[in-house]
Structure formats: structure tokens, C-alpha cells
Amino acid sequence: QRREQSTSVWVRIKNGVMWPGITLDAQDVAKKHRPDKPKDAGGLLVLLLGRNDLEWVKQHEIAEWEANLRAFKRENSARTFKDAVQLASDFLKKSVTLARILKDAQIPEGSREEREEGRRKQRADEPELPPIPKAKK
């Protein structure tokens with residue numbers, strides 16, 4: 001499943017704890033800094049905030065941000081976790097940009113060419129629409 005734009009989410013990490021993250025398009029990140037997509041695919045690329053890890057995460061390991069904020073934000077009292085929760089909330093409020101988050105995490109953005117290539121591939125996967133008829137004179 002492809003998300004149209006990046007959004008804050010909760011991600012179940014290896015120890016079973018839910019952690020704040022932001023979904024990304026692979027082209028948002030420079031190719032040499034992207035983790036390889038697993039063979040079983042179907043996952044979303046997520047930046048784990050505060051940990052600055054990029055991971056491919058399966059849909060069942062992701063929970064909606066707003067609906068779970070109250071419950072999950074109490075699971076951890078570590079400063080890194082609290083800062084990550086605040087950053088994810090700020091991202092949703094648009095008071096911090098994805099470019100800024102990637103820069104702070106020291107993750108280079110995808111080049112313009114990489115982003116264009118991603119758009120071309122996406123368009124190639126979409127069904128072609130019939131041409132628009134020309135207006136009669």
C-alpha cells in the first residue's frame with residue numbers, strides 16, 4: 001500500500017514497543033542511504049524518530065498516530081522517546097518539514113533525478129487513461 005504523502009505513525013519495533021515514526025517514499029531518501037527492500041515486500045519505508053533508523057515495516061506493525069497517541073505515549077518515559085513523540089506531533093502540525101527532519105537525522109534526501117525516476121515508475125504502473133477528445137471547431 002502506497003501512502004500519498006509522509007505521515008506520522010506508530011511502529012512496533014523489535015522489542016514490541018510502539019515507537020514514533022514517519023512514513024516515507026523511497027525516493028525521499030538518497031538511494032545509497034536506503035535500506036534494501038525485503039523480498040517479501042509489501043512494507044512501508046519508515047524513519048524511526050529519535051533513533052534515526054530507516055526500516056521497511058509491514059503494514060500490520062504500523063498503527064495510526066492520532067488514534068493511538070494517548071495510549072502509546074505513556075509506554076516509555078525515556079527522553080529520546082518523548083522527543084520523538086513531540087517531533088512526530090510537530091510534523092503533523094506542519095511546524096517542522098520532512099526535509100528538516102531528514103537533515104537533522106543526517107539522512108540525505110533523494111536527488112531530484114531519483115525523485116523524478118520514482119514518479120516515472122509510479123506513472124508507468126498506473127493504468128493509462130484514454131486521450132481527451134479535441135474540441136470541435
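**Close-up views of a predicted model**

**View 1. Glu-55 counts as partly exposed, at 23% relative accessibility.** Here, buried means under 20% relative accessible area, exposed means over 50%, and partly exposed covers what lies in between, with a 1.4 Å probe and protein chains only. Glu-55 belongs to strand β4, residues 53–58; strands (E, at least two residues) and helices (H or I, at least four) are DSSP runs numbered from the N terminus. Apart from neighbours within four places in sequence, Glu-55 has contacts with Lys-14, Pro-35, Leu-44, Leu-45, Val-46 and Leu-48, where a contact is a pair of heavy atoms within 4.5 Å. Gly-43 is twelve residues from Glu-55 along the chain, and their C-alpha atoms are 9.1 Å apart.

A word on reading these views: residues are numbered from 1 along each chain as its sequence is written, and side-chain values use heavy atoms, without hydrogens or water. The model is predicted, so to speak of a local feature requires pLDDT of at least 70 and side-chain atom pairs count only at pLDDT 80 or more, while totals for chains, interfaces and linings use all residues.

**View 2. The protein holds four helices and five strands.** Starting at the N terminus, the elements follow the order β-β-β-β-β-α-α-α-α. Of the 137 residues, 36% are buried. Among contacts with a separation of 6 or more, 57% join residues 24 or more positions apart.

**View 3. Five strands make an open antiparallel sheet, in the order β4-β3-β2-β1-β5.** Strands β4 and β5 (62–64) stand at the edges with a single partner strand each, so one side of each has no neighbour in the sheet. From one strand to the next, the twist averages 45°; angles run from 0 to 180 degrees between N-to-C directions, and axes are lines fitted to C-alpha atoms, for helices over the stretch in contact. Two strands are taken to pair if DSSP finds at least two bridges between them.

**View 4. Strand β2 (residues 18–24) is largely enclosed by the rest of the structure, because seven of its seven residues are buried.** In a regular strand, side chains alternate between the two faces of the sheet. For β2, both faces are covered: one side carries the buried residues Met-18, Pro-20, Ile-22 and Leu-24, and the other carries Trp-19, Gly-21 and Thr-23, also buried. On one flank, five bridges join β2 to the antiparallel strand β1, residues 8–12. Follow this pairing and you will find Arg-12 opposite Met-18, and Val-9 opposite Gly-21. The two strands form a hairpin with five residues between them, and Gly-16 in the turn has a positive phi of about 90°. Strand β2 also pairs with β3 (residues 43–48), again antiparallel, over four bridges. In that pairing, Ile-22 stands opposite Leu-47.

**View 5. Helix α1 (residues 65–72) lies across β1, β2 and β5.** The direction of α1 makes about 100° with that of β5. Helix α2 (residues 79–92) packs on the sheet too, where it touches β1 and β2. The angle between the directions of α2 and β2 is about 35°.

**View 6. Three salt bridges are found in the structure.** Side chains of opposite charge can pair when their charged atoms come close. A salt bridge here is a side-chain nitrogen of Lys or Arg within 4 Å of a carboxyl oxygen of Asp or Glu. One of them joins Asp-53 to Arg-51, with 3.8 Å between the closest N and O atoms. Asp-53 is partly exposed at a relative accessible area of 30%, and Arg-51 is partly exposed at 37% relative accessibility.

**View 7. In helix α2, Asp-83 and Arg-79 are four residues apart, which means that about one helical turn separates them.** Their salt bridge has its closest N and O atoms 3.6 Å apart. Arg-79 is exposed, with a relative accessible area of 59%, whereas Asp-83 is partly exposed, with 41%.

**View 8. Arg-100 and Asp-104 form a salt bridge whose closest N and O atoms are 3.2 Å apart.** Both residues lie in helix α3 (residues 98–104), and because they are four residues apart, about one helical turn separates them. Arg-100 counts as partly exposed, at 42% relative accessibility.
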